[in-house]
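Please keep the sequence and the structure in view while reading.

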Amino acid sequence: MFTGLSAFPLTPLTEKGIDEKSFVRLMERLVAAGVDSIGALGSTGSYAYLKHSERDRVARLAVEHAGGIPVMVSIGSVRTSDVLHLAEDAQRAGVSAVLLAPVSYQKLTSDEVFTLYETVTRHLSVPLCVYDNPGTTNFDFTDELYVRIAQLPHVASIKIPGLSADPVTTRNRLDELRLLVPSHVTLGAAGDLAAATVLTQGGDVWYSVIAGLFPEIPLAITRAAQNGDAQTALALSARLEPLWALFRQHGSLRVVAAAAEILGIVSAPCLPLPLQSLSGDARQHLISVLETLFQN
């Protein structure tokens, strides 16, 4: 399941908890588009802000409404014991894979992170995607650590941050990593902005924020790249530059949450406080962008 387009939907919230009807609407959009996999409870899904019971409920809803599309959920948490409980719940819910970032409060060492993955993989019966997300974890994976973790059982993909929009740089980096990790471990783009370049330069999968709300264009980008049509893939991505600019300025979660609110797919506000979606001039600008990109 670690190839193609993996769409990461929001987990919309209300004052009472999970907005289940809105979450199901998001899932239905992804199923209708035919994405390759669904990454529920990723960073876009606000997993770190949810209670254990809420995460279990979302995992079950995702599997129930995925229409047979493989579902991956995050099991990241500060304590290893909690990660193991979340992994057990996710597998019981019927997920096809799990996503794990080294979440922490105290900055972790490389040995501590390796021990986390080593411990968790011993308790898995489904594949695991390594979530390298230094922007939220404040932990930087080294290539040496990639190599150690990639040898563990059930490790099947690495979600790689910071890949470049420059094709030569990206190709060289992917080729470098291919020599280090086993051939069955796929390499995926963690950021939307350079994903078209990553896919056209040999990347296996796009772990996509924007596809969690607007799957059609990301899916077209992915299929073009898979068919060897780099020109179309890059052109379609360039069309989304107004959104990429907002991502760079405000963060992808706030932008996508505001877009879902504007379109009435979720109720406003939909993010867990203190997080807030766009407001004021930024929200008005997003409305104009959405009208140009998706309503003309």
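Helices here are DSSP runs of H or I with at least four residues, numbered from the N terminus. The model is a predicted one.

On that numbering, aspartate 89 lies in helix 3, which spans residues 80–93. Buried means under 20% relative accessible area, and aspartate 89 counts as buried because its relative accessibility is 16%. Its side chain is joined to that of arginine 92 by a polar contact of 3.1 Å, and, once neighbours within four places in sequence are left aside, aspartate 89 is in contact with His52 and Asp56.

In helix 6 (residues 143–150), the buried residues are Leu145, Tyr146, Ile149 and Ala150. Viewed down the axis of helix 6, these buried residues fall within an arc of 130°, so they line one face of the helix. An α-helix has 3.6 residues a turn, so residues three or four places apart point the same way. The elements that cover the buried residues of helix 6 include those in the table.

| Covering element | Residues |
|---|---|
| Helix 4 | 110–121 |
| Strand 7 | 128–131 |
| Strand 8 | 155–160 |
| Helix 7 | 167–178 |

The axes of helix 12 (residues 252–262) and helix 13 (residues 280–294) come within 10 Å and cross at roughly 70°, which means that helix 12 is roughly perpendicular to helix 13. Where they meet, helix 12 contributes Val255, Ala258, Ala259, Glu261 and Ile262, and helix 13 contributes Arg283, Leu286, Ile287 and Leu290. By class, this contact of helix 12 with helix 13 has seven nonpolar, two charged and no polar residues.

Note on methods. Residues numbered from 1 in each chain as written. Predicted model: local features only at pLDDT ≥ 70, side-chain atom pairs only at ≥ 80, totals over all residues. Heavy atoms only, no water. Buried < 20%, exposed > 50% of the residue type's maximum accessible area, 1.4 Å probe, protein only. Helix = DSSP H or I, 4+ residues; strand = E, 2+ residues; numbered from the N terminus. Arc of directions from axis to C-beta. Contact = heavy atoms within 4.5 Å. Axes fitted to C-alpha atoms, helices over the stretch in contact; angles between N-to-C directions. Parallel < 35°, antiparallel > 145°, perpendicular 65-115°, else oblique. Nonpolar A, V, L, I, M, F, W, Y, C, P; charged D, E, K, R; others polar. Polar contact = N/O pair within 3.5 Å; in protein donor to acceptor, adjacent residues only side chain to side chain.
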